[in-house]
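Student: I have a new structure on my screen and would like to learn how to read it. Could you take me through it feature by feature?

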Amino acid sequence: KVSIFSAEGLDLRNEVLGDGYIAPDMEFGQPVAVLFSAHGHAHTYLPSGTYFAVASRGIEYEIDVSDPFTIRQNNHQQLQLQVLKTIDTDGWISADFHVHSQPSHDSGVSFHSRVISMVSEGEEYFTPTDHDFISDVDPVIEELGLEYWINAAPGTEVTTIEIGHYLGFPVAVDRLKDSGGAIDWTGSTPQELIDGIRDLKPVNS
């Protein structure tokens with residue numbers, strides 16, 4: 001993950017022009033851009049100005065901060081940054097069990113971008129739990145060649161209107177059914193939803 005900041009402390013993003021929200025960094029302030037890279041290479045376009053970049057990969061790795069660099073019209077800068085793992089987490093897994101992607105009504109993140117963002121933040125296992133949809137990102141992980149770095153299990157979030165939300169994983173994906181075979185929660189009780197999620201468990205689990 002590479003976060004780029006204005007060396008002058010300027011906030012150059014403009015939501016009126018379509019720039020999305022990026023949460024500020026506690027140490028460096030408001031990023032101008034954040035790049036997630038599957039294999040350590042990324043590029044972006046910046047308006048004229050002076051910047052610095054911060055490379056990171058979750059809490060197990062040290063960050064690397066570039067020297068300030070200046071972008072002018074029609075020029076470019078190439079940076080080389082390195083993150084080193086300095087925290088021994090042998091026997092532990094960094095995991096996230098509540099993750100949304102493109103099938104969810106509150107997420108516009110593609111499966112490819114979600115997998116890459118997880119790897120870039122140092123996650124080693126996650127369950128895509130989209131609203132009323134069973135998501136399986138294993139084919140995406142394989143396509144990106146990231147099997148060494150991350151693993152996942154299909155999951156779902158049963159999202160009722162009146163009786164709460166229910167997460168389940170691992171669950172079986174039925175690619176011949178709508179929404180991957182997710183539960184229709186209409187008129188169900190909480191116990192019926194829990195039992196329904198349990199019935200979705202993979203055959204070999």
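Tutor: We will go through strands, cores and salt bridges in turn. This is a predicted model, in which local features need pLDDT of at least 70, side-chain atom pairs count only at pLDDT 80 or more, and totals for chains, interfaces and linings use all residues. Residues are numbered from 1 along each chain as its sequence is written, and side-chain values use heavy atoms, with hydrogens and water left out.

Student: In what order do the three strands of the open sheet lie?

Tutor: First the terms: helices (H or I, at least four residues) and strands (E, at least two) are DSSP runs, numbered from the N terminus. Two strands pair if DSSP finds at least two bridges between them. Here the order is S6-S7-S8, with parallel pairing. Strand S6 (95–99) and strand S8 (151–152) are the edges, each pairing on one side only. Strand S7 (residues 125–128) is joined to S8 by two bridges, and phenylalanine 126 has alanine 152 in S8 as its bridge partner.

Student: Which way do S1 and S2 run, parallel or antiparallel?

Tutor: They run antiparallel, with four bridges joining strand S1 (residues 2–6) to S2. Valine 2 stands opposite leucine 35 in S2.

Student: Why is strand S2 described as largely enclosed?

Tutor: Buried means under 20% relative accessible area, exposed over 50%, and partly exposed in between (1.4 Å probe, protein chains only). Four of the five residues of strand S2 (residues 31–35) are buried, so the rest of the structure largely encloses this strand.

Student: How many residues does the largest nonpolar core have?

Tutor: A nonpolar core is a set of buried Ala, Val, Leu, Ile, Met, Phe, Trp, Tyr and Cys residues joined through side-chain atoms within 4.5 Å. The largest one has 15 residues, and those with the most contacts inside it include Val115, Phe126 and Ile141. Helix H1 (111–120) and helix H2 (138–144) each supply at least two residues of this core, with the largest share, five residues, coming from H1. Apart from this core lies another, of eight residues, among them Ile134, Val158, Val171 and Ile197.

Student: What is isoleucine 141 in contact with?

Tutor: Contact means heavy atoms within 4.5 Å. Leaving aside neighbours within four places in sequence, isoleucine 141 touches Val115, Leu146, Glu147, Ile150, Asn151 and Ala152.

Student: How many salt bridges does the structure hold?

Tutor: Side chains of opposite charge can pair when their charged atoms come close. A salt bridge is a side-chain nitrogen of Lys or Arg within 4 Å of a carboxyl oxygen of Asp or Glu. This structure holds five. One of them joins glutamate 121 and lysine 1, with the closest N and O atoms 2.9 Å apart. This pair links distant parts of the chain, 120 residues apart: glutamate 121 sits in the loop between H1 and S7, and lysine 1 in the segment before S1.

Student: Is aspartate 136 buried or exposed, and what does its side chain meet?

Tutor: Aspartate 136 is buried, with a relative accessible area of 17%. Its side chain meets that of arginine 175 in a salt bridge (2.7 Å, N to O). Arginine 175, by contrast, counts as exposed at 59% relative accessibility.

Student: What separates aspartate 195 and arginine 198?

Tutor: About one helical turn, because they are three residues apart in helix H3.
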